[in-house]
Amino acid sequence: MQQTGGSILSSQQASSDIIFACMHCSASFVVDAAAAGLTLDCQKCSKPTIVPNPALEAAAGNSIKISELQHQLKENESQRTEITGYINQLSIQLHRWQLRLQTLKERQQKLQTELDAIRVPGAK
Ligand SMILES: [Zn+2]
């Protein structure tokens with residue numbers, strides 16, 4: 001078994017470090033960003049553990065967020081279409097009732113006029 005860990009990484013000066021925990025013993029380590037995605041032997045339990053890649057994880061998080069937002073957008077759009085449909089239906093219905101009301105008013109006037117014409121003035 002080779003004793004590795006920090007020895008590979010110490011040759012490079014870290015621009016940004018990655019802090020991660022061993023997947024076996026959960027011991028925390030700080031490695032150079034260049035080690036992202038590499039498999040290293042844990043300094044504590046000596047088992048190989050994978051250094052997480054923050055860039056990949058961020059990208060994966062973004063793609064989840066993107067598909068979630070696209071899903072919500074699609075759902076919103078279908079609800080919008082549904083409500084617009086209801087409004088259109090009710091607008092047509094409202095127009096029909098208004099026409100019907102107008103017809104009834106005209107009929108009332110006509111009937112009233114007929115009634116007034118038949119009534120003999122003075123005959124109670
Ligand atoms: Zn370990």
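Modeller: S26 lies in the loop between strand 1 and strand 2; strands here are DSSP runs of E of at least two residues, and helices are runs of H or I of at least four, numbered from the N terminus. This is a predicted model, in which local features need pLDDT of at least 70, side-chain atom pairs count only at pLDDT 80 or more, and totals for chains, interfaces and linings use all residues. Residues are numbered from 1 along each chain as its sequence is written.

Biologist: What phi does S26 have?

Modeller: S26 has a positive phi of about 65 degrees, although it is not a glycine.

Biologist: Is S26 buried or exposed?

Modeller: S26 is exposed, because 11 other C-beta atoms lie within 10 Å. The cut-offs within 10 Å are 20 or more other C-beta atoms for buried, 12 or fewer for exposed, and partly exposed in between, with C-beta atoms placed from the backbone.

Biologist: And where is S46 found?

Modeller: S46 is found in the loop between strand 3 (39-41) and strand 4 (48-50). S46 also has a positive phi of about 65 degrees without being a glycine, and it is partly exposed, with 16 other C-beta atoms within 10 Å.

Biologist: How many bridges join strand 1 to strand 2?

Modeller: Five bridges join strand 1 (residues 17-21) to strand 2 (residues 28-32), and the two run antiparallel. Pairing requires at least two DSSP bridges. I19 stands opposite V30 in strand 2.

Biologist: Turning to helix 1, what is its count of buried residues?

Modeller: The count is zero among its 65 residues, so helix 1 is hardly covered.
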